[in-house]
Amino acid sequence: MINVKGGYERVFAKINLDAALNNFNNIVSSIDDNTKVLAVLKTDAYGHGAVPIARLLENQPKLYGFALATAEEALILRNSGIIKPLLVLGYTFPSSYENLILKDVSFTVFREDMLEDLARVCRNLSSTEYQYKVKVHIKVDTGMGRIGITPSDDGIEFVRKVMEYPEIQIEGLFTHLAKADEKDRAYTEKQIKIFKDFANRIEEELGIKIPYKHISNSAGIIEYREANMDLVRAGIILYGLWPSNEVSKEKISLKPVLSLHSKIVYIKKIPPGTSISYGGTFISDKDMVIATVPVGYGEGYPRSLSNKAEVLIRGQRCKILGRICMDQLMVDVTGVEDVAESDTVTLIGQDGSEYISMEELGEISGRFNYEMACDFGKRIPRVFTQNNKILYTKDYYEDF
């Protein structure tokens, strides 16, 4: 494992940028030649670090740009020097309109009041020397039931209204697949047909050619090549994680990008009848050796893994004993030869021939891998590596 300097002995997440680039290249290899990738970096790139991932991918020829969930996430990328197109996938509040327009960020629209407000801000910003325009992607609800216009006569009228504003440029049209990660294909195939029919109707009835139409999320990229269209939105698979257990793992090769590491801070021998952690949910039935690890749910490591999950020490699986605390957890190291304080503990990742995945922990904890990755918090520094060297690090130790 890479030797991390700078005080990250307690805990750190290693972000393997080589793995992220491998995943991107394999995504590119699995889509049509005329389709580009919109890399989804919301929630700080699913906890992996949006700015470093964006810098890694920005110059890739098949990358169109980056998708975010909020205005703030988009501004972080722009303020960090990212120049490729940015799209906010969710609702954007009016207080952010001016900043996003000035930074050339694209909006998702699906409400009429957004159109008038966006046009008004453009007019207020414009001068005789320069006329501002705002780029928008129209969201269509084909079966997600979340946000988006209906693919109906009302939807056609909405698009017509968008076209009436000279300050607004229609850049894209998209929908989101609700069940693409399930084996039953009927619902997803219906969504794809509804979207394509509606897109064709827009272009035929309104005489507009929409530059970028996109349907596929990560599961769609794996399972529905017919839904590639102009863009695909690569999210969880960019980070080497699977959308679900039902997608085909033979169709694309992925490498997990994040691993999580700590150290043993204390080792003790205990006799039978010893209670471990809050509530005494584990009581030893024999002589045991117990190691304490300074990681807990305060880092976002789920308390629901108590008495269930394992960690890796010296290439062996060691079970967590008792309840996970806010800042510490205890593991059974009875059978680990030569185990010592300061030994490395791998909570997620590879040690020798053993591997603990985010999917494994998600299943045990009753969560899923998306949630786990996004919930790792500010107490975990990120260490970004490339070519087996530390490229840079990120922590929040001076935040106040």
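**Pockets and cavity**

Modeller: The second largest pocket is lined by 19 residues. Nearest its centre lie Asp 44, Gly 49, Ala 50, Val 51 and Pro 52. On a 1 Å grid over the protein atoms alone, a pocket is an open set of points with protein on both sides within 12 Å along at least five of seven lines; a cavity is a set where a 1.4 Å probe fits but cannot get out; lining residues have an atom within 4 Å of a point. This is a predicted model: local features need pLDDT of at least 70, side-chain atom pairs count only at pLDDT 80 or more, and totals for chains, interfaces and linings use all residues. Residues are numbered from 1 along each chain as its sequence is written, and side-chain values use heavy atoms, without hydrogens and water.

Biologist: Which element gives the most to the lining of the second largest pocket?

Modeller: That is α3, with 4 residues. Helices (H or I, at least four residues) and strands (E, at least two) are DSSP runs, numbered from the N terminus.

Biologist: And what volume does the largest pocket have?

Modeller: About 650 Å³. A volume is the space filled by probe spheres set on the points, with grid points joined across faces, edges and corners.

Biologist: Which residues lie nearest the centre of the largest pocket?

Modeller: Lys 42, Tyr 46, Arg 146, His 176 and Tyr 370, out of 29 lining residues. α2 (42-46), α9 (218-223) and α11 (369-375) each give two or more.

Biologist: Switching topic, how many cavities of 30 Å³ or more are there?

Modeller: The count is 1. Its lining includes His 48, Tyr 239 and Met 358.
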